[in-house]
There are 2 protein chains.
Amino acid sequence: MTETVTAAGTSTGSKSEQAYAAVKARIIDGAYSPGYRLVLAKIAEDLGVSVVPVREAIRRLEAEGLVKFERNVGATVSGIDPTEYLYTMQTLSIIEGAATALSAPLIGEADIARARAVNAEMRDCLQHFDPVRFTQLNQDFHSVLFEHCPNPHILDLVHRGWNRLAALRSSTFRFVPGRAHQSVDEHEALLRLIETGASADDIEKAARLHRSATLDAYLAQAAATDHHTPQQ
Amino acid sequence: MTETVTAAGTSTGSKSEQAYAAVKARIIDGAYSPGYRLVLAKIAEDLGVSVVPVREAIRRLEAEGLVKFERNVGATVSGIDPTEYLYTMQTLSIIEGAATALSAPLIGEADIARARAVNAEMRDCLQHFDPVRFTQLNQDFHSVLFEHCPNPHILDLVHRGWNRLAALRSSTFRFVPGRAHQSVDEHEALLRLIETGASADDIEKAARLHRSATLDAYLAQAAATDHHTPQQ
DNA sequence: GTAATAGTTTTCGTATACGATTTCGTACTC
DNA sequence: GAGTACGAAATCGTATACGAAAACTATTAC
């Protein structure tokens, strides 16, 4: 009957869950861009549910940092702020570094091979200039590394960071070709470290630097183009 | 008028906020111990509000890992599980390590002096065997170190970890005197590293180890006393 | 005595409704 | 003409109510 077809095929049953997934998807894919005003009643109508589950969904998204909520005023899609980007990237570099180091001993040859295949495809994307697919593959690559992470809390933090980035990137942050080439090389170097059984410390440092370098590239570009801060 | 006096003097106005603060406080101070069944209607009545804001509060606490929520069944105070403790401590060691390293350059002489005073009082607590105050001072000590942390996301993660631990510790995990002495010494060592301007890397390692050592002490004790896992 | 089942109770999930708060527009005054 | 005050509209926050799902209990069949 009703079974409102939410963005992705999320038929978990709970209206609240549906609303959460739908709004989250729209934020991440950029349909709701940063600053967008999320009006409960409007979203509720769009999704064919009442405001209560929508409110719950919004607050959950707030806890994940995807929306900003103001008492008696309403919710807006968060993001934009370069400072926020810096915070997120810095946190992510730490978390991903740890996640990679913890996962490394559990990564087998098959995983390495799969990661290499993904990385090769990323190189292709650079030839054909396909930044969207590149970004997707980049996630796939890191997913291979992290899927064995023995600490679910850390894995959860990684995913949260990714979601934030996805929301930010989809609207404000540009693709930096020079950095992308370097990134692919760093992936290969990481894989070599892992398969040669490098120390956890070395792997962590490399993984951290991988993320930090992307941040630095962004900062450099921002400075170079005299990036005018889009205000909230 | 009404202004329901919630547990702590939390008169933020919003019922949802009140419920959140009240339930959180009860979990952390142990009034609601792990496994305790959180029935919406009952809590709502206790607090003198309706179920809607209580539900919102509970879900917020779920996002922070303090309660476990099951669809159509209800919420229980999470915790107990030693595995969960391990995950939390491991994550915290990483986050605190980074937080300390990032804060270090911003810590001044006054902060160091304050931290030393707290640490001295911790030593006293060991003489008089006052584990409750010791735990409080321990938080104070680390607060001094972290309060200058330039990345609010990381600081937030630290606080979340502490809350989880508080909820766990208050009911299940025991005070380990031997470890406590060592902990105080490590604090002093950390302060020396910071005031001598050691490298961020060294500070991070030391801070991480400080937390890891506590985890190890727990694991050793658990193994020694053949700690029988209290089931959910 | 045990297991399956039907009925009852508890508790959750969400729709609806209404009071409270903010915001926006308009008119009025200086 | 600019600023302020007042009123209307929009939106949030929460109480209440009811349907749905799960858990519990008692009963019956084997």
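Modeller: A residue is called buried when its relative accessible area is under 20%, exposed when over 50%, and partly exposed in between, using a 1.4 Å probe and the protein chains only. This is a predicted model, in which local features need pLDDT of at least 70 and side-chain atom pairs count only at pLDDT 80 or more, while totals for chains, interfaces and linings use all residues. Residues are numbered from 1 along each chain as written, chains are lettered from A and ligands numbered from 1 in written order, and side-chain values use heavy atoms, without hydrogens or water.

Let us look closely at helix α2 of chain B, which spans residues 40-47; helices (H or I, at least four residues) and strands (E, at least two) are DSSP runs numbered from the N terminus. Within α2(B), the residues I43(B), A44(B) and L47(B) are buried. They lie on the same side of α2(B), because they cover an arc of only 100° around the axis, the arc being that of the directions from the helix axis to the C-beta atoms. The cover over these buried residues includes α1 (15-28), β1 (37-38) and α3 (51-63) of chain B, where contact means heavy atoms within 4.5 Å. Just after α2(B) comes G48(B), which takes a positive phi of about 75°.

Elsewhere in chain B, C125(B) is buried at a relative accessible area of 6%, and C149(B) is buried at 9%. A search of the whole structure finds zero disulfides over all chains, a disulfide being a pair of cysteine sulfur atoms within 2.5 Å.
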